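Biologist: Please show me the model. I would like to ask about its aromatic rings.

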Amino acid sequence: MGIQNDIVKFNVGGRIFQTTATTLANAGRDSFFGALFDDNWDLQQPINGREFFIDRNPDCFAVLLDLLRTGDLYIPSNVPERLLYKEAMFYGLIGHVRSAKRGPFDGNRLKLSKSVTGRAPGDGTAIRAGPDGGCCVAHGSMGHVFDWMLEEHPPLNLDYQRVNDIGWVNAESVLISACERLGRGDGGVGLFSSYTGDLRYKFNVVHDNQIKSYTAGALCFSPDYKIFASCKGRSNEYGIGVWDQFTGKQIDFFYETPGWSLGEADKLQWLNGTTCLLVATLFPRKDNCYISLLDFRQKSTVWSWSDIGAPLTVDEKRVRDAIAMEDCNSVCVVNEYEDLGFIDLRIGGGSVRWSSRSRLMKGKMPDEPCYPKLALHNGQLFSSMNDSISVFCGPDWVLTSRLRRSYGGSICDFSIGGDRLFALHSEDNVFDIWETPPTPVI
């Protein structure tokens, strides 16, 4: 490759820039500048023999060139941030910009980056992070999509249908589950365009060769492009539906067995290690809690737990959320006081081992509490409780930090993706974006 003294000239929008081949190589092979090198990383010569001409914004080019030189990102006041992002995408440097703006995700180092005010009536229902740092939010009968720059796309309007869950499929598509309205047959699951808000197609449930209306609840995805949803029909179409993400056609249905609950599940989680689906129906949706692992290959329940028969005196131990932890062979559960509990996946129907030392809130509950939610990310466990999120680490899941802001009300849902944590508040329809600050460049 060319040595540091190899000077390269660019004419960008009429301004001349000089740099070195080594600096340009920092952009990587898949960038605009990487294409200027041959297979041996030798720099190609300009057509005119003097400089490379690029008909782009020179102010943004100066910022990005300094980023390649130093690894640090400084955006002067005369450069609009959104314009810089667009220019970075043109040069294939958007990954460099993201890395400079925020570091690798670490729950113990998160800082509040921004808050976005909701633009729809109704309480917040769900928020889901995308792998690129964008998110989608459900409020009442509306869905909202934000790209990684937090620019909002056209809203998804379900005409006063209650949205139960929302899922980020990819940058182009969002999945929504909704309640059926009596006599309308308009509930179920639909795939919507993230860019236009238009419905692309619905996911039908077929029973006895007939298309059935149903209310869809919790959503989930698997790596092989299957979509799972809890389904509650009018007769016996209770269970978990499975569809092909690309064709929208139903490919399976796991029917609910008598005495158990699947069709009204609060949470679905795909487990890559066991290729099974965790299904959790929780209090207060049902008087009892039901958690099971379904194997769709064998059409069987391979593990299950319920609190049926538990003494009424332990009502404070009602399970409000659950998450499978495959590396620990356990399911983590949480109650309304943010006590963590653990159920051994190797023992069917085992008891919950509660960890009272994790209790962070005692005394009277707030007037309008939001029940806790759980998430697991990069070996860290997260639990929301009212207006804060707690972070637990280590083999004994010790409390290591808490995230809290001063307004917005209780947190009704949160999600992690794209090196960001999104927290949705119920009262003011506000969601927060938490990011890890970048590592200082020495």
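This is a predicted model: local features need pLDDT of at least 70, side-chain atom pairs count only at pLDDT 80 or more; totals for chains, interfaces and linings use all residues.

Modeller: Residues are numbered from 1 along each chain as its sequence is written, and side-chain values use heavy atoms, with hydrogens and water left out.

Biologist: How many aromatic pairs does a search of the whole structure find?

Modeller: The search finds 24. Rings of Phe, Tyr and Trp (its six-membered ring) pair if their centres lie within 6.5 Å; planes under 30 degrees apart count as stacked, over 60 as edge-to-face and the rest as tilted.

Biologist: Why is the pair of F32 and F90 called tilted?

Modeller: The centres are 5.6 Å apart and the planes stand at 35°, so the pair is tilted.

Biologist: What makes F32 partly exposed?

Modeller: Its relative accessible area is 28%.

Biologist: Why is the pair of Y85 and W148 tilted?

Modeller: The planes of Y85 and W148 make 45°, and the centres are 4.8 Å apart. Both residues are buried.

Biologist: How do you know that R56 lies over the face of F90?

Modeller: R56 is 3.9 Å from the ring centre. The rule asks for NZ of Lys or CZ of Arg within 6 Å of the ring centre and within 35 degrees of the ring normal. R320 lies over the face of Y371, at 4.0 Å from the ring centre.

Technical notes. Buried means under 20% relative accessible area, exposed over 50%, partly exposed in between (1.4 Å probe, protein chains only).
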